[in-house]
Amino acid sequence: MSMELKKFETAWAGKTCLCFDALESTNDYGKILSGKQKVHGTLIFADTQTAGKGRRGRVWESPKGSSVSMSLCLEPKLPTEKAAGLTLVMALSVASAIEEVTGASPKIKWPNDIVLNGKKICGILTEMFLREEDYVVIIGVGINVNVLEFPPEIREIASSLRLECGCEISREALMEAAMKYFETYYEQYEACGDFSLLKEPYEARLANRGNQVKVLDPKEPFEGIARGIDDLGNLLVLCEDGSTKSVCSGEVSVRGLYGYV
Ligand code: BTN
């Protein structure tokens, strides 16, 4: 396992970036590191992961040389119940970075998948750990950048920036832009402790805004029209009976009526 230190031109996020050729999981490495030292703003990158983790216990593939697998470690000053919202802050940051670097305008499938032309190009997995005096949040981001082939079982729903934009994209430029946007959006989220300042740019990218969605609530699934998010980052769904339900991201998934988005 070889490691190289990289410095992005940012104020704090990714200012120190530990780059590995391979790790089991950048999130797991972040967890180990944060048990030993202060890590706020430290970014961990791996050219490939041998045991990359997706949400809901799924496996995340990180093809060598063509994907971005990175984890940003944070020591937030926010109360712990606000930490989950940082996933949406990262989704917005990565989407903005993709637009800056590629010119394409990606959408966010609430809460945190980034999609281009209806296909997933980025997933985010956030984990939180308590330390003696504070807590650490590790936001893991997997971006399909220059990946050219996907396994048949996900070919219909997954794609890469290269496939969608038709040209090779610089992974470094993308990471640096994501960290720059994250600094701005994080400071706005931290300043007011909610999404009031970020709601507008987030909703502008919301893939299923105004569309009929199925909310796969294990207790009681329901359908409605996705309207936007509230100050906590919950999805607001207008139901047939005229009521609006607020859906919390940790608990359920949301699907379009005709497929993934
Ligand atoms: C998802 O299921 O959509 C979330 C995927 C998150 C993948 C990233 S890659 C970097 C970080 N390390 C991991 O093991 N997972 C996340």
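Okay, let's start with Ser-66, which sits in the loop between strand E3 (43-49) and strand E4 (67-74). Keep in mind that this is a predicted model. So is Ser-66 buried or exposed? Its relative accessible area is 12%, and since buried means under 20%, Ser-66 counts as buried. As for who it touches, leaving out residues up to four places away in sequence, the contacts are Val-145, Asn-146, Val-147 and Arg-171.

A quick reminder: strands of a sheet pair through backbone hydrogen bonds, either parallel or antiparallel. Here we have an open sheet of five strands, in the order E12-E11-E10-E9-E13, with antiparallel pairing. Which strands are at the edges? Those are strand E12 (244-247) and strand E13 (253-256), and each of them pairs on one side only. On average, neighbouring strands in this sheet are turned by 45° against each other, ignoring direction.

Let's look at E10 and its partners. On one side, strand E9 (residues 212-216) runs antiparallel to strand E10 (residues 222-229), and four bridges join them. E9 and E10 make a hairpin, with five residues between them.

Then there's strand E11 (residues 235-238), also joined to E10 by four bridges and running antiparallel to it.

Definitions and conventions: Residues numbered from 1 in each chain as written. Predicted model: local features only at pLDDT ≥ 70, side-chain atom pairs only at ≥ 80, totals over all residues. Heavy atoms only, no water. Helix = DSSP H or I, 4+ residues; strand = E, 2+ residues; numbered from the N terminus. Buried < 20%, exposed > 50% of the residue type's maximum accessible area, 1.4 Å probe, protein only. Contact = heavy atoms within 4.5 Å. Pairing = 2+ DSSP bridges. Axes fitted to C-alpha atoms, helices over the stretch in contact; angles between N-to-C directions.
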